[in-house]
Amino acid sequence: MRQATGTIRSEEFSSNDSNREIKYTVKEVAVDGYTSKVTGYNIENTHKVEKTTVSGKKTWDDANDQDGIRPNGVTFKLYADGVDTGKTATADASSNWKYKFENLDKYKAGNVITYTVKEASVNEYTTVQDGFNFTNKHT
């Protein structure tokens, strides 16, 4: 069995053997992460980009907004490998103070992307971050 990367030229193969026509077919060995479609002698590989989600929750440590200063919402910025993606999400009472970034690429150039999230500062609160979760304590 002959294996190839790229192109096989048809003149490398004999078209008949002892006056008997030889019929050639192509089949590709499965490649992880790709689906193959064979049409005649053409092979088309399609890679499905793996996606991920980043989500978290905002917790308030302010005696149930005792002083009435809790904001209506908080904005979060998403970073990929330390670079601002320009994506933001908002958590508020209607979302039960949860946020989510969806449909994010899992890999870049074959390496897993490290996502981080930063919270926009909230006046009169200090922030403690634990992974993608944030707790704000009234100061």
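Me: What share of the protein chain's residues counts as buried?
Reply: In this predicted model, 17% of the 139 residues of the protein chain count as buried.

Me: And how many helices and strands are there?
Reply: The protein chain has 13 strands and zero helices.

Me: Which residues have the most contacts inside the largest nonpolar core?
Reply: They are V54, F76, L78, Y99, F101, Y115 and V117, within a core of 18 residues.

Me: Which strands supply at least two residues of this core each?
Reply: Those strands are β5, β6 (73-80), β7 (83-92), β8 (98-105) and β11 (115-119). The largest share, four residues, comes from β6.

Me: What does F101 touch, leaving aside its neighbours within four places in sequence?
Reply: F101 is in contact with T52, T53, V54, F76, K77, L78, K87, T88, A89 and V117.

Me: Changing topic: where does T59 lie?
Reply: T59 belongs to strand β5, which covers residues 51-61.

Me: Why does T59 count as partly exposed?
Reply: Its relative accessibility is 37%, and partly exposed covers the range between the buried limit of under 20% and the exposed limit of over 50%.

Me: Which residues does T59 touch, not counting those up to four places away in sequence?
Reply: T59 touches F134, T135 and N136.

Me: How far apart are T59 and W97?
Reply: Their C-alpha atoms are 7.2 Å apart in space, while 38 residues separate T59 and W97 in sequence.

Notes
Residues are numbered from 1 along each chain as its sequence is written. This is a predicted model: local features need pLDDT of at least 70, side-chain atom pairs count only at pLDDT 80 or more; totals for chains, interfaces and linings use all residues. Side-chain values use heavy atoms; hydrogens and water are left out. Buried means under 20% relative accessible area, exposed over 50%, partly exposed in between (1.4 Å probe, protein chains only). Contact means heavy atoms within 4.5 Å. A nonpolar core is a set of buried Ala, Val, Leu, Ile, Met, Phe, Trp, Tyr and Cys residues joined through side-chain atoms within 4.5 Å.
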